[in-house]
Amino acid sequence: MAGSPVQVTGTVLTTRRVDAYHALTVVAPGVADRSRPGHFVGVAVGGPGTSMLTRRAFAVHDVKPDYGGTVELVFSVRGPGTAWLADLRARDTLDLVGPLGRPFPLPRDPCTCVLVGSEYGSASLFALGDALQRRGCRIDFVLGAPSADRVFGALRARRMGETTTLTTEDGSLGMRGKVTDVLPGVIADARADVVYACGPMEMLRGVTSVAVEFDIPVQVAVEEAMACGIGVCMTCVLPVIGDDGVTRMVRACVDGPVFRGERVRFDDVGTIPFDALGAPGGRHA
Amino acid sequence: MRLGAFTTRSITMAPRAGRPTPRMAETPSGLLNAVGLQGPGIEAFLTQELPWLAERGARTVVSIGGGTVAEYTALARRLADAPGVTAVEVNLSCPNVEDRGRVFARDGSSAAEVIASVRAATRYDVPVIAKLTPDVADIVAVARSCVDGGADALAMINTPVGMSIDVETMRPSLAAGTGGLSGPAVRPLAVRCVWQVHAALPGVPIIGMGGVTTGRDALEFVLAGACAVAVGTALFHDPYACPRIMRELEELLTERGFDRLADAVGLAHRPPGSGPRGRTDLEESSL
Ligand SMILES: Cc1cc2nc3c(=O)[nH]c(=O)nc-3n(C[C@H](O)[C@H](O)[C@H](O)COP(=O)(O)OP(=O)(O)OC[C@H]3O[C@@H](n4cnc5c(N)ncnc54)[C@H](O)[C@@H]3O)c2cc1C
Ligand SMILES: Cc1cc2nc3c(=O)[nH]c(=O)nc-3n(C[C@H](O)[C@H](O)[C@H](O)COP(=O)(O)O)c2cc1C
Ligand code: FES
């Protein structure tokens, strides 16, 4: 974590619709200047005295130095918390904690990177792309979603990336299919050295197996349901293999959300694998 | 301003991976959780976490959880020579493997057995706190058994068991099915427990908890009979809740003319019509 997170009462600067998504720019000094690509923020929803006790996690999409520092969040309405966020207007206040989590690690030397995003998962890839390009890396994008209005950031990807490949499941934009259908071709053509991915767990599993086939490193940003975002509640865990080869139930909020893809036991997410440290039925438990 | 103490999650003998996910579901003004005491086990706690807390000058209440009386006792023994343990809190809401999984806190005699054994294994100057569940027919009876067993103080409440069902998947929201309910949704239940136990055992220090989010909520527990107040779920919403709650509580006490928190403890029990300073017989707790 880049120093300890701060809690700020931010002011909403702008709200806008981007296809199926809402984008919210919030003045949040202290959060903005310390955010690195892959960080997220915990947002209190519902206003003072809210009955919604848990903060909602959102990836930091964009950071700008204006007004002491702004962060932009991109989200789709899923339930009551995101519905409340979608109703915010300029000059409303928003309580956020951040930056949270471990950001994407960057390669030391220039190399070729494929950035894969599904739906709003691509939101955190553009700041990452900027950082990689500043290090002299070549970047190629693969963005996908079920339909055209849910592919986020296609234009920007086309401007930034050496190549950009789009996929939709209904064929309304780009190739019909999933990001994992086109990824092998993109990796081969670009002779990619690294893959970065952000999106639903199922997609991260697919991307990881493609990268493993090519024998190149893959960094994935996972999305697990979180209650605190700061490491104290232990609700956001998933099975991850450590450097010592031992599987542990680690917290997505502080040990992640970015992990090396091949270390995440995607098939066992939502379970406690029998060989995980401290699993029931093990020698002690 | 300094917080009284930090209470750890319950520490177990062996490392525990906990329950499968989803472990959490938000409910109106509440939170259901089924974490299943995930933790690194006592050895890692003693070598890594406790020294880290001590270095930062935190007064630490170590919560322990076990499946048998022997396990609780072994935990207490391991803690007895560890520096930096301010108090030992016994989480009695654990299934007793020797009693077909019945939770210790639901049975006065097994709760008392655990407490007596932990008390005997703990240094004389380290208080032993019994943490109680509201999921019992008579919380006063369990509280009394724990005090008879040697508990120096009582903590209440642990989370009552609840459930929520996802109407999309038409399955329980939590992988474990049921979970513990916390947050403001349980506060009236918690205040009632503190009230009843304080009325029956006025000399026993009580740590009140369950849905405290403001100084006003903390004062409610104090007036019901708690001499200390703990904060859990509120921290998920507001990581800086504790210093704020303390500040708010101090202001409320000052506004009401109290010099010391101890003067407000249990004050709601005074008969109607008597003055606000009805009780001066309570000693300030050492906790
Ligand atoms: C690290 C991280 C980054 C994220 N980034 C984005 C983003 O950039 N854009 C975006 O639209 N969404 C993002 N999400 C998902 C977002 O947190 C959920 O959509 C949101 O919490 C839903 O809240 P709700 O009240 O609308 O829905 P509800 O389903 O009513 O939420 C109820 C509870 O479940 C939790 N919850 C539900 N779904 C999720 C989920 N998928 N992930 C985490 N918690 C969940 C909520 O925090 C809340 O406690 C991210 C999640 C994580 C963990
Ligand atoms: C995520 C979570 C984990 C908890 N873990 C423990 C635990 O390990 N041991 C314990 O005695 N109580 C545990 N509790 C219960 C709390 O200590 C407390 O008794 C209860 O949540 C009520 O207080 P609150 O509403 O302020 O959270 C836990 C509660 C939550 C929400
Ligand atoms: S969300 Fe609480 S520990 Fe990760």
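Tutor: Two residues are in contact when they have heavy atoms within 4.5 Å of each other. This is a predicted model, in which local features need pLDDT of at least 70 and side-chain atom pairs count only at pLDDT 80 or more, while totals for chains, interfaces and linings use all residues. Residues are numbered from 1 along each chain as its sequence is written, and side-chain values use heavy atoms, without hydrogens and water.

Student: Leaving aside neighbours within four places in sequence, which residues is Met156(B) in contact with?

Tutor: Among them are Leu132(B), Ile139(B), Cys193(B), Val197(B) and Met209(B).

Student: What makes a set of residues a nonpolar core?

Tutor: The set must consist of buried Ala, Val, Leu, Ile, Met, Phe, Trp, Tyr and Cys residues joined through side-chain atoms within 4.5 Å. Buried means under 20% relative accessible area, exposed over 50%, and partly exposed in between, with a 1.4 Å probe and protein chains only. The largest such core has 67 residues, and Met156(B) and Leu132(B) are among those with the most contacts inside it. Another core lies apart from it and has 35 residues, including Val142(A) and Ala252(A).

Student: Why is Cys227(B) called buried?

Tutor: Its relative accessible area is 17%, and the limit is under 20%; therefore Cys227(B) counts as buried.

Student: How do you know that Cys227(B) is too far from the closest cysteine sulfur for a bond?

Tutor: A disulfide requires a pair of cysteine sulfur atoms within 2.5 Å. The sulfur of Cys227(B) is 16 Å from that of Cys146(B), the closest, so a bond is ruled out. By this rule there are zero disulfides over all chains. Cys111(A) is in no disulfide either, with the nearest cysteine sulfur, in Cys113(A), 3.8 Å away.

Student: What makes Glu26(B) and Arg56(A) a salt bridge?

Tutor: The rule asks for a side-chain nitrogen of Lys or Arg within 4 Å of a carboxyl oxygen of Asp or Glu. Here the closest N and O atoms are 2.8 Å apart, so the pair meets the definition. The rule finds one salt bridge across the interface of chain A and chain B.

Student: How many residues are in contact between chain A and chain B?

Tutor: In chain A 31 residues are in contact with 27 residues of chain B.

How values were computed: Chains lettered and ligands numbered in written order.
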